[in-house]
Amino acid sequence: MQIHSNPFVAGLVAVILFLVSIPICRNISARERDPGLYRLLVAAVVTHLIFSSIQLWVVDHIYHGVTDYTRYINQGALLAKRYRSFNFSTAGLHPAVNILGQGSVSIAAGVVMAIVGLNKLALFYVFSWLAFLATLGFYRAFCVTFPEGNHRRYAWSVFFLPSLLFWTAGISKETMMYLSVGLMAYGGARVLAHQRGGAVLLVVGAIVGVYVRPQELLLFMAAFAVAGLFRPRNAERSFRGIRRLSVMALQAVLLLAAVSLSQQLAKHAPVFNLNQLAKNNVGQRSSLHYHPGPSGYPRDIYTVLFDPLPINAHGSTQRLAAFENTVIIGLFLTSFRRFWHLGRACFTRPYVLLCVLYSVAFPYAFAALNNLGLIDRERVLLLPFLLVPLCIPLTPRGRPPVYPWEYSQGRQKRRVRQTRWGVSSVPARR
């Protein structure tokens, strides 16, 4: 089925999405009392929409439409016609549409096209905008974790990294999972900081992702469970024991749901067998050699985070990836002060611990994809978490320390009081 892009309809959809984004950007800017943040967020919205057109052009003219999105659009178009007639059945479609896995993306495409019409570019605009909302979720999680900190370094990094913009700019499993994990990150940060609404965001994010790639939620849920053990007490709220048990019960339910659906998916694909997964995904031009176990972990880190580099990149797409990897290396090299305080920050703000655990486990699991193209696409689920320890707020050199992780116990005693954001440190009175 040929699905064309009516420029007028697609442009109208883009304008509507932009106008809807304006009050969201104003609200976040006002909440943080940073007028400059409004301009940054508006620029991020426009950039996301522009990258939708870029990805559609690349897929159609460089890859000649040979991508997964063709199946999602074709199946979604058939489903959209049914949805408009209030027929929600998936029977009779070829290939068959299953709710778990790729079928869930086709269903999402059908829902969107039932609203905006059979228009590829409009469909891409909508999913790119959803990816922007997911990035807002990651950004708000950072702000909730560091309410008193400077958020600009993280904002510039997470909103404008090329791979986060490009690989989430259309209808794909990556976009769906990015939206899922973005909602869960924001919800998890609010739960760990004793803020309301976090559990709802966790559940909504899990529902989005558990039908697409449930096995990819396991890393987040495991890291969230460990970070929850270091969730600080909140003296201002009653029923602390009941609340803690409720959080643990929610973690258990989400984790069991992800494991159960992962096992169902494993009947058709090697979800947990990393060796078999590596064999299945070897590309014809791939030079990767996956070695499971601790001995291969350093290479996994290099493969997922830094490969390719400018010295070994071939072709325009790899050169663009190499440029981004160089930026990431630059962030690492300018973060030594942050690494010095990382241990204390992890236990002062448990969301940082969640991000560190997730970032440590991700390379081991996803290097098994054994294909640079696949790894580059899947890495969009890692980068927002990886950037958190690289952007921990620090007091400028020469000024008295502001943040609790900058204080050494031997230098100055501090009393810690509970706040609605979690743990906040205040210098002891003399």
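**Salt bridges around arginine 213**

Guide: In this predicted model, arginine 213 makes a salt bridge with glutamate 378, and their closest N and O atoms are 2.5 Å apart.

Visitor: Where do arginine 213 and glutamate 378 lie?

Guide: Arginine 213 is in the loop between helix 9 (198–210) and helix 10 (214–228), while glutamate 378 belongs to helix 18 (residues 372–378), so the pair ties together parts that are 165 residues apart in sequence.

Visitor: And glutamate 378, buried or exposed?

Guide: Buried, because its relative accessible area is 5%, and buried means under 20%. Arginine 213 is buried too, with 12%.

Visitor: Which residues does the network take in?

Guide: Salt bridges with shared partners link Glu174, Arg213, Glu216, Arg377 and Glu378 into one network. One of those links runs from arginine 213 to glutamate 216, with the closest N and O atoms 3.5 Å apart. Glutamate 216 is buried, at 6% relative accessible area.

Visitor: OK, zooming out. How many salt bridges does a search of the whole structure find?

Guide: The search finds 8. Among them is aspartate 34 with arginine 152, where the closest N and O atoms are 3.0 Å apart.

Visitor: What does the pair of aspartate 34 and arginine 152 tie together?

Guide: Parts that are 118 residues apart in sequence, because aspartate 34 sits in the loop between helix 1 (7–32) and helix 2 (35–61) and arginine 152 is in helix 6 (residues 152–160).

Visitor: What's the relative accessibility of arginine 152?

Guide: It's 28%, so arginine 152 counts as partly exposed. Aspartate 34 is partly exposed as well, with a relative accessible area of 21%.

Notes. Residues are numbered from 1 along each chain as its sequence is written. This is a predicted model: local features need pLDDT of at least 70, side-chain atom pairs count only at pLDDT 80 or more; totals for chains, interfaces and linings use all residues. Side-chain values use heavy atoms; hydrogens and water are left out. A salt bridge is a side-chain nitrogen of Lys or Arg within 4 Å of a carboxyl oxygen of Asp or Glu. Helices (H or I, at least four residues) and strands (E, at least two) are DSSP runs, numbered from the N terminus. Buried means under 20% relative accessible area, exposed over 50%, partly exposed in between (1.4 Å probe, protein chains only).
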